[in-house]
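Dear colleague,

Please find below the structure I promised to hand over. My notes on it follow directly after.

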Protein chains: 2
Amino acid sequence: MSPARTTAGAPISSIGRAIAVLGCFNERRRALTLSEISKKSLLPMSSTHRVVAELVTGGFLVRGSDRKYRIGTRMWSIGQLAPVSDQLRHRALPTLARLYEETGENITLAVLDRGQALYVDRLGGERSVHTGARAGGHLPLHTTGVGKVLLAWQTPAAIEKYLERPLERTTPYSIVDPVKLKKELDETRERGYALTRQESTAGNGSVAVPILRGGRAVAALGVVAHLTHLDIPRLVEVLQAASESIRHELENEH
Amino acid sequence: MSPARTTAGAPISSIGRAIAVLGCFNERRRALTLSEISKKSLLPMSSTHRVVAELVTGGFLVRGSDRKYRIGTRMWSIGQLAPVSDQLRHRALPTLARLYEETGENITLAVLDRGQALYVDRLGGERSVHTGARAGGHLPLHTTGVGKVLLAWQTPAAIEKYLERPLERTTPYSIVDPVKLKKELDETRERGYALTRQESTAGNGSVAVPILRGGRAVAALGVVAHLTHLDIPRLVEVLQAASESIRHELENEH
DNA sequence: AACGGATGTTCCAATGAGCGGAACACTACT
DNA sequence: AGTAGTGTTCCGCTCATTGGAACATCCGTT
């Protein structure tokens, strides 16, 4: 009896367990009870209880009056030091703000992270359409404007590698045929911007441009709007100006 | 010899050690070598090496080509789920953007966190003055506009408690006399907004207003500008409209 | 108010994850 | 090439950690 770590699937190391517990939280489950964390992390209740208690002490988790645990402020605060926030988001934010004011639509900034589009920030009010994107969240490359940009400016080998895996069909309009997608990426590169039409969320389309440094797309900047508002020529124009502005901010670092 | 945990000051538990390692990173030291982490966390080199390796595996730290460690994207990403970001920042952001466009000055949004002002976001371009504030960072309550607001709308007991401790003099103009500060807070409440004049950074002043819910200041919203640009009546007007807008967004949650 | 199911907390003998000093390896500078 | 600084690996030993079980609390229903 004890203390062999016998629970199948759960990490063995203490730090690995803490990371697994923190990984239980996501966009759809922001608040979790102890039992829920135990189930998701595959840790026994008492082990979960102990790990969670330490994370609460350290400020990485917080427990509300509803007895549910949420990500704590300290974790957010330290997380702000990550280069994706500290270097990119912070410098891009004034430009994102301007772009939001100019268009009144959803503004998204994303980077490539483990083969997906990681949203660095998203600016939109209640009037703006729902895009499925949130700061810190991931979406597939092939169904989103920013994702297509990030993919198009990859090396041919990286693109081939992405196309090898089955492409998720997010909506009936998602491009999941590798041949069609490859053609789409070629066109994206040729045009200098990406387009989507209901490929990620129904009714919506997007325009996105790369933020280029040294020939690479270090990030992608996009506008998501309902198709009825998608003024492509105008959005391309303002996006490219904004992209240039952000690139300039990023280069003035040293 | 080994493995007694003999290092004075270092946590004993593994998770506590991981948290201590992550706590070594701050605004002034965003990138650290292994040796630096070891020194700051008071952990022996080999222990540090092991903890850091696990955090890198879990995506909480990343190591660059300069051999230095930085906070990893995954930590940022999970951190975005914290209510301070997910509930407050995200909803306030469009209004912050508008305010930034209207004023062209530094916009700050802060909450009370462990007796300090925690900056939830900050919007400013290169033209804007340097304020010492960054998203995720803390500044004293008594020297900042948002901090004074957060303090003024505390209970009298909480205010008294804050005044008991020696008040840090950030600049020669900082108010560090408890009697003067108390008077300042009374006036702040009476006026409905806070002012600073070079109390936090030289040359700059600020105007800040509370975001009230149920009679409490759940956050504070401020503009920081050089004193020559500090148009108080106009800033108060736009800040109070923005504060109302954010409050409205927060109440439309349920 | 009572009850029961769900959720959460505490305990403890046993054990293996983790310990840190030491040896070794790598890097950068002179 | 030498040296100092930084980083990595190893290993016998120990204590932080284990999870099942007992116990406690909470909450919804009757």
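Predicted model: local features only at pLDDT ≥ 70, side-chain atom pairs only at ≥ 80, totals over all residues.

**Salt bridges within chain A**

A:R189 takes part in a salt bridge with A:D186, at an N to O distance of 2.5 Å. The two residues both belong to helix 8 of chain A and lie 3 residues apart, about one turn of the helix. A:D186 is likewise placed in the partly exposed class, since its relative accessibility is 34%.

A salt bridge also joins A:E160 to A:K182, where the closest N and O atoms are 3.9 Å apart. A:E160 sits in helix 7 (residues 156–164) of chain A and A:K182 in helix 8 (residues 178–191) of chain A, so this pair ties together parts 22 residues apart in sequence. A:E160 is partly exposed at 38% relative accessibility, and A:K182 is partly exposed at 35%.

In a further pair, the side chains of A:E199 and A:K148 form a salt bridge of 2.7 Å, N to O. This pair links distant parts of the chain, 51 residues apart: A:E199 is in the loop between strand 6 (194–197) and strand 7 (204–213) of chain A, while A:K148 is in helix 6 (residues 145–152) of chain A. Both partners are buried: A:E199 has a relative accessible area of 5%, and A:K148 has a relative accessibility of 0%. Over all chains, the count comes to 30 salt bridges.

**The interface between the chains**

The contact involves 60 residues from chain A and 58 residues from chain B. About 4900 Å² is buried between the two chains, and carbon and sulfur atoms give 65% of that area. B:I15, B:W76 and B:L81 supply 16% of the area that chain B buries against chain A, more than any other three residues.

There are 6 salt bridges across this interface, and 8 residue pairs are in polar contact across it. On the side of chain B that touches chain A, helix 5 of chain B gives the largest share, 12 residues. The residues of that side comprise 25 nonpolar, 17 polar and 16 charged. One of the salt bridges pairs A:R89 with B:D121, the closest N and O atoms being 2.9 Å apart. A:R89, A:D121, B:R89 and B:D121 are linked in a network of salt bridges.

**Domains of chain A**

Chain A is divided into domain 1 (14–78) and domain 2 (83–251). The centres of these two domains of chain A, taken over C-alpha atoms, are separated by 32 Å.

**Individual residues of chain B**

B:T196 lies in strand 6 (residues 194–197) of chain B and counts as buried, at 4% relative accessibility. The side chain of B:T196 makes a polar contact of 2.6 Å with the side chain of B:S206.

Two residues of chain B other than glycine have a positive phi: B:R67, near 70 degrees, and B:R114, about 50 degrees. B:R67 is placed in the loop between strand 1 (61–63) and strand 2 of chain B, and B:R114 in the loop between strand 3 (106–113) and strand 4 of chain B. B:R67 is exposed at 61% relative accessibility, and B:R114 is exposed with a relative accessible area of 64%.

With kind regards

Terms used: Residues numbered from 1 in each chain as written. Chains lettered and ligands numbered in written order. Heavy atoms only, no water. Contact = heavy atoms within 4.5 Å. Buried area = accessible area lost by both parts, 1.4 Å probe. Salt bridge = Lys/Arg side-chain N within 4 Å of Asp/Glu carboxyl O. Polar contact = N/O pair within 3.5 Å; in protein donor to acceptor, adjacent residues only side chain to side chain. Helix = DSSP H or I, 4+ residues; strand = E, 2+ residues; numbered from the N terminus. Nonpolar A, V, L, I, M, F, W, Y, C, P; charged D, E, K, R; others polar. Domains from an automatic or database assignment. Buried < 20%, exposed > 50% of the residue type's maximum accessible area, 1.4 Å probe, protein only.
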